Amino acid sequence: MAFVDQTDWRPSGIDDLEPNAWEALRSHNNVCVSAGPGAGKTEFLAQKAAFLLQTGICQPPYKILAISFKRDAAENLAARLKKRCPPDQANRFVSMTFDSFTKSILDRFHAAIPGQWRPTDPYEIVFQNTRQIRDLLTLIRSSAPAPWQGEIAGLPTSDFESRFVGGNRLGIEQTEPTTGTEFAIQSWWAEFLRGHDRSSLTFIMINRLAELLIRSNPHILRALRATYPFVFVDEFQDTTYAQYDFLHSVFGGGRTVVTAVGDDKQRIMLWAGARNDAFNRLTADFGARCIPLLMNFRSSPDLVRIQHIVARALDVDSIETQAQVECVIDGDVAQIWTSPDEATEASHLAEWLAEDMRNRGTTPRDYAILVRQTANRFEDQLSGPFEIHNLFIRNESKAVGRTTLQDLLAERLTCIVMALLRLCIHQRAPQAWSTASEAIFQIRNAESQDYVACNLAERQLNEFLCVNRNFLALTPPNVDSAQEIGMRILTFLDPDAIARTYPEYGLGESLQIAAEGFILHLVASANEATDWHQYIDTFEGVNRVPLMTVHKSKGLEFDTIVFVGLDDQMWWSHTVGNPEGIATFFVALSRAKQRAIFTFCRGRGQRRGVADLYQLLADAGVPEIAF
C-alpha cells in the first residue's frame, strides 16, 4: 500500500483543523487534549487515526486502540474512521469501551490470573445498588475483629466499591489485612469470587483483575504493547481509579503513544468513581503535554459566552472558546421560565414547543428535555399536555428489560437487526444493505478473498429477505407479528455466531440482555404503528421529543434544550459551590446549539440549594420570565 507523505496529508470530510488540533494530531508524544463542548473531539480522534494509518506512522500489522466510556461513542468513532479509510486500514482501528476491552482481556487470558484471584469460568456480571452494598458492609463488619468494626462502620456506602475496591491494587500474593478497611476489601472480594458456585463480578472488579493479570504476566504485557503502539482515550475526565491504574500498568513506561481527550469541566461521574485528578496524573505519569482546543463548532456566540461564565465557576483560568456557528434565532438564546405549578409548566412548554416548530420548521428531534433525575416522573407529567398539541415524548432513559432505551439503540445487535428489518420493508436501502451485508459476512466468517463463502453468505441474506418481505407485506404490525419478525431475524443471525464474532457479546449476559431488550421494544412499538414504515419510525423515535437525564445527554447536541426542574427537590444532593453539580449544569447548558431554557416550578420546591446556579445565569444576563 502507498502511504501519503505527512506533509501532504489533509483532513477528510471537513475543511480543516484548528491550529492546536493540528499540533496535537502531529505530536509523536503523549498528549492531553483539553476539548470543551463542541470542540469536535470525536472528529479530532477520527482525523488523527486516519493520519496515523494513511501516512504509515502506524504501519501494518500494528493497530490503534481507541477506548471510550459509552458504547455509542465507540461505535460513532469507528464509523467516522470507516468513512475516511479503506477497509484494510479501518480494520486496524479497534474502538471499544473501557469495560469491553478489560473484559476481553480477562476472558481471553482467564487461566493466567493468579489462582487466589481467579474467578470461575464462566462468571456472572452483576450491578450492585446502594442497598446491596450497605447490607454487605454490615455483614462484613459483623464478622470483623472487634477493634476494626468501628472503622468498617465508617466506610461510605456510596463510593465504597469505586473508591476502595477500585482504588486498591491487588497483590499477586494475597496478604493478611492489617486494618479494618483492608479487611472489608478482602471480604468483598471473597464474597464475590468464592461466595457462590459461580463468581459474580462488577465491571470495577473486572478492571482490577485485568490490571492484575497484565502486571503478573510480562509476556501478555509485551504482546499488548506490541499490538497497540497508539492508544486514544475519550472522555478522559471520567476515568476511574481502576481504569487509570490499568492504563498505567499496560501502557505507562513503554513506547505506546497515548492521546487522552476530555474536559475537566464536564467531570460529572465522580459519583461513579471517576478520579478528580486524571489529567494531572497523566501529565505526571506519562509526561503528557496538554494542548487545548480553542474552537466551538456547536453553540452560537451568545451561548458560548454564557457557557464561559459557568466554566469560570469551575476553573478561573478557563479559556473562552471561539464560536464557529451563527445564531439563527430571534430573541433570547437563554431564558428561565417560572411557573406556579407543574400543570402550568407542562402546558406552557408543550404549547411553546409546538409554536416554535411551526414558526421555524424544526422537528421534535431538534429539541431535548433534560432532567437531573427521575425521567419517568417527568414523562408522566408532560405526556398528556404534549399530546394535546400532537407532540409525543420519547423517554430515552426508560428501562427496557435490563437495559435502557438509549443504551439499547446504541447496541451493535440493534443496529444489525434494524438494518435487516429495514431491508425487509424497503428493497432499496443502501445504508441498511451495507450494515447488514458487512455483519453477515463477519458472522458467517466470509473473508473478502473467499469468493465461495461470500457468495454463499450473500445468497442466504437475499433468500432471508425475500421470504420476510412477503411475510411483512401480508401481515400488519401488531404484537404477534413484531415478535415473530424479531425472532426470525435473531434466529437467522444465530446468537452463537454473534457471540463468537463480537467480543462484547462473548461472555456473560450482554447478548441476552440486548436481545431481550430488543424484543421488548419491538413489541411495544407495534402498539402505535399502522404500517411497517411507521413502525420503524416509532421504534427509532422519529418525530418524538427526547427526554433524558443530563448524564445520558453527554456527547449529544440539540438545537434547543429545555432543562426542566432546576430546583432543590430535583437537585437534592447539590450544595452551593459543589463542583460536580456545577459541572452537571454546564453539561446540560452546553448541549444546546441555539437556545437553552431552564424551568422552575414553585409548586415543586424551593431554589435555595441551587442559588449558585441561578446566580451564574443572572451574571450572564439570562432573563427570568414568569407565566
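Trainee: In this predicted model, which residue of β16 stands opposite N395?
Mentor: Start with the strands. β13 covers residues 393–395 and runs parallel to β16, with three bridges joining them. N395 belongs to that pairing, and its opposite number in β16 is L547.

Trainee: Which residue of β16 is the bridge partner of V371?
Mentor: V371 falls in strand β12, residues 367–371. β12 and β16 pair in the parallel sense over three bridges. The partner of V371 in β16 is T549.

Trainee: How many of the five residues of β16 are buried?
Mentor: In a regular strand, side chains alternate between the two faces of the sheet. Here V545, L547 and T549 point one way, while P546 and M548 point the other way. Residues on both sides are buried. The count for β16 is five of five.

Trainee: Is E211 buried or exposed, and what is its relative accessible area?
Mentor: E211 sits in helix α10, residues 203–216. Its side chain meets that of R169 in a salt bridge, at 3.7 Å from N to O. R169 is partly exposed, with a relative accessible area of 39%. Buried means under 20%, and E211 is buried at 0%.

Trainee: How many residues apart are R169 and E211?
Mentor: R169 is in the loop between α8 (160–165) and α9 (180–194). E211 is in helix α10. The pair links distant parts of the chain, and the separation is 42 residues.

Trainee: Why are E211 and R208 separated by about one helical turn?
Mentor: An α-helix has 3.6 residues a turn, so residues three or four places apart point the same way. The side chains of E211 and R208 meet in a salt bridge, 3.4 Å from N to O. Both residues are buried. They are about one turn apart because their spacing in helix α10 is three residues.

Trainee: Which residue in helix α12 does R208 reach, and how far apart are the closest N and O atoms?
Mentor: R208 lies in helix α10, and its partner lies in helix α12, residues 241–251, so the pair ties together parts that are 37 residues apart in sequence. Both partners are buried. The partner is D245, and the closest N and O atoms are 2.8 Å apart.

Trainee: How many salt bridges does the count come to?
Mentor: Some of them form a network, which links K41, D234, E235, D238 and K554. The R208 and D245 pair is a salt bridge too. The count comes to 37.

Trainee: Which residues of helix α27 are buried?
Mentor: α27 spans residues 611–619. The elements covering its buried residues include α14 (301–314), β11 (334–339), α26 (579–589) and β18 (592–601). After the helix comes G621, with a positive phi near 80°. The buried residues are D612, L613, Y614, L616 and L617.

Trainee: What is the radius of gyration of the chain?
Mentor: The chain has 27 helices and 19 strands. Its C-alpha atoms fill a box of roughly 70 × 65 × 55 Å along the principal axes. With 627 residues, a compact globule would have a radius near 25 Å. The chain agrees, at 25 Å.

Trainee: What share of the residues count as buried?
Mentor: The chain exposes about 27200 Å², with carbon and sulfur atoms supplying 50% of it. Of contacts between residues at least 6 apart in sequence, 79% join residues at least 24 apart. Of the 627 residues, the buried share is 53%.

Technical notes:
Residues are numbered from 1 along each chain as its sequence is written. Side-chain values use heavy atoms; hydrogens and water are left out. Buried means under 20% relative accessible area, exposed over 50%, partly exposed in between (1.4 Å probe, protein chains only). Helices (H or I, at least four residues) and strands (E, at least two) are DSSP runs, numbered from the N terminus. Two strands pair if DSSP finds at least two bridges between them. A salt bridge is a side-chain nitrogen of Lys or Arg within 4 Å of a carboxyl oxygen of Asp or Glu. Contact means heavy atoms within 4.5 Å. The radius of gyration is taken over C-alpha atoms; the globule rule is 2.2 Å times the number of residues to the power 0.38. Accessible areas come from the Shrake-Rupley method with a 1.4 Å probe; for residues, only the protein chains shown count as cover.
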